[in-house]
Amino acid sequence: MVDFPPLREELRGIAPYGAPQLDVPVQLNVNENPYGPSPACVDDIASSVVEAARTLNRYPDREFVALRAALADYLSRDARVTPEMVWAANGSNEVMLQLLQAFGGPGRTAVSFAPTYSMYPEYARDTSTRWVTGRREDDFSIDLEAARVLVAEERPSVVLLPSPNNPTGTALAPEVVTTLCEAVGESGVVVVDEAYGEFRRSGTPSALEQLSAYRNLVVTRTMSKAFAGAGLRLGYLAADPAICDAIRVVRLPYHLSAVTQAAALAALRHAPELLGKVDELRAERDRTVAWLRGEGFEVADSDANFCLFGTFGDRHAVWQGLLDRGVLIRETGPDGWLRVSIGTADEMAAFQDALLHVMKEMP
Ligand SMILES: *Cc1c(COP(=O)(O)O)cnc(C)c1O
């Protein structure tokens, strides 16, 4: 008997990644931005896509020159970034997969520190890269000496770290980035995944500021979270131009559609108004953390648009109790913890109300 379909051995029996997409009133489970783009932004996207549609018989600009310039301009709020330092793809997940395709592979190792984003081991698996994780400290930070030792032992060609970390919300200390870039050296790249970078608290630096010091540093960003563009599928990175050149070797031809390029450019023109909502969400995040702590929960410090709280003897029962009251959060992270995304003030009030009810009914 042969198994059909003839899947690679290591992929047999594996369920595809993804949180449940349930139709409930309050959805606080996948760290989306609760605010849609403004009517002005929607109109701009629509007319830009109409324009792009007129020439859909042609392949799109393979080098997405205009988009790279706009992204570089946007990143230059944090550090000097030029268009040759920018690469983009269909979501930062695709960007990171391309990084593993280019810099990982058979006989090579990728490293991260757990608990962390559950997609990372999948990029490693799909590119036949060996996957190794170190441990974070009890406060979810990374110990410098432990990082140095792990790199010395494993000699990774890719280090992959979110800052802020998902699911804990923990930002990376700049010393950790420095230590890793120096320990890895030029035989590897250090990828700092700043999917939630725009939500960081004031005083928390971006790894973009360290780009000029380290040729092996890559900082990824996305339009999925701060830009309210999860449906747009546009992620990008900033790094040494030689790294962008290397990725060109593995990317599919014309991977960014003309429609995606047009819509992303239009959304970037509305950056100031979209980022205004980010400030509201950061304030709501701080209020949520304070409220949870006031109610006696443990909450990890968060620089993101979500927070990890606990701890529960039976977290699944709490998750289910909330769902029964129409509030969907995420059962993820270390045992006993739950993660809630930051929604509108009304959604957070519904979450708080539901949580208090659930806790009252717990045995
Ligand atoms: C949400 C998220 C992303 C973004 O993925 P996209 O493919 O850009 O939507 C990247 N990294 C982490 C850790 C995330 O949580």
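Predicted model: local features only at pLDDT ≥ 70, side-chain atom pairs only at ≥ 80, totals over all residues.
## Aromatic pairs

Welcome to this structure, which holds 11 aromatic pairs. A pair of aromatic rings is described by the distance of the centres and the angle of the planes.

Take Tyr-74 and Phe-227: their ring centres are 5.0 Å apart and their planes meet at 80°, so this pair is edge-to-face. Tyr-74 belongs to helix α2 (residues 65-75), while Phe-227 is found in the loop between β7 (217-222) and β8 (235-238), so the pair ties together parts that are 153 residues apart in sequence. Are these two residues buried or exposed? Tyr-74 counts as buried, at 7% relative accessibility, and Phe-227 is buried too, with a relative accessible area of 2%.

Now look at Phe-297 and Phe-309. With ring centres 6.0 Å apart and planes at 85°, the pair is edge-to-face. Phe-297 sits in the loop between α9 (271-294) and β9 (298-299), and Phe-309 is part of strand β10 (residues 306-310), so this pair ties together parts that are 12 residues apart in sequence.

Phe-297 is buried, its relative accessible area being 12%. Phe-309 also counts as buried, at 0% relative accessibility.

## Charges over rings

The charged end of Lys-277 is placed over the ring of Tyr-35, 4.5 Å from its centre. Likewise, Arg-68 lies over the face of Phe-64, and here the distance to the ring centre is 5.5 Å.

## Two domains and a database entry

The protein is divided into two domains: domain 1 is made of 19-37 + 276-361, and domain 2 covers 39-269. Between their C-alpha centres the distance is 26 Å. Where the domains meet, 24 residues of domain 1 are in contact with 24 residues of domain 2. The size of an interface is often given as the accessible area lost when the parts come together. For domain 1 and domain 2, the buried area is about 1900 Å², and carbon and sulfur atoms give 59% of it.

There is also a record to compare with the model. In an unreviewed entry, UniProt lists residues 26-353 as "domain: Aminotransferase class I/classII large". In the model, that span is 40% helix and 16% strand, and its end C-alpha atoms lie 12 Å apart.

## Helix α10 and what covers it

Which residues of helix α10 (residues 315-324) are buried? They are Arg-315, Val-318, Trp-319, Gly-321, Leu-322 and Leu-323. An α-helix has 3.6 residues a turn, so residues three or four places apart point the same way.

The buried residues of α10 are covered by elements including β11 (327-328), β12 (338-341) and α11 (345-361). After α10 comes Gly-326, which has a positive phi, near 85°.

## A loop residue: Asp-240

To finish, find Asp-240 in the loop between β8 and α7 (241-250). At 25% relative accessibility, Asp-240 counts as partly exposed. How far apart are the C-alpha atoms of Asp-240 and Gly-134? They are separated by 27 Å, and the two residues are 106 residues apart along the chain.

Technical notes
Residues numbered from 1 in each chain as written. Heavy atoms only, no water. Phe/Tyr/Trp six-rings, centres within 6.5 Å; stacked < 30°, edge-to-face > 60°. Helix = DSSP H or I, 4+ residues; strand = E, 2+ residues; numbered from the N terminus. Buried < 20%, exposed > 50% of the residue type's maximum accessible area, 1.4 Å probe, protein only. Lys NZ or Arg CZ within 6 Å of the ring centre and 35° of its normal. UniProt positions renumbered as here; feature names shortened; annotations may be inferred. Domains from an automatic or database assignment. Contact = heavy atoms within 4.5 Å. Buried area = accessible area lost by both parts, 1.4 Å probe.
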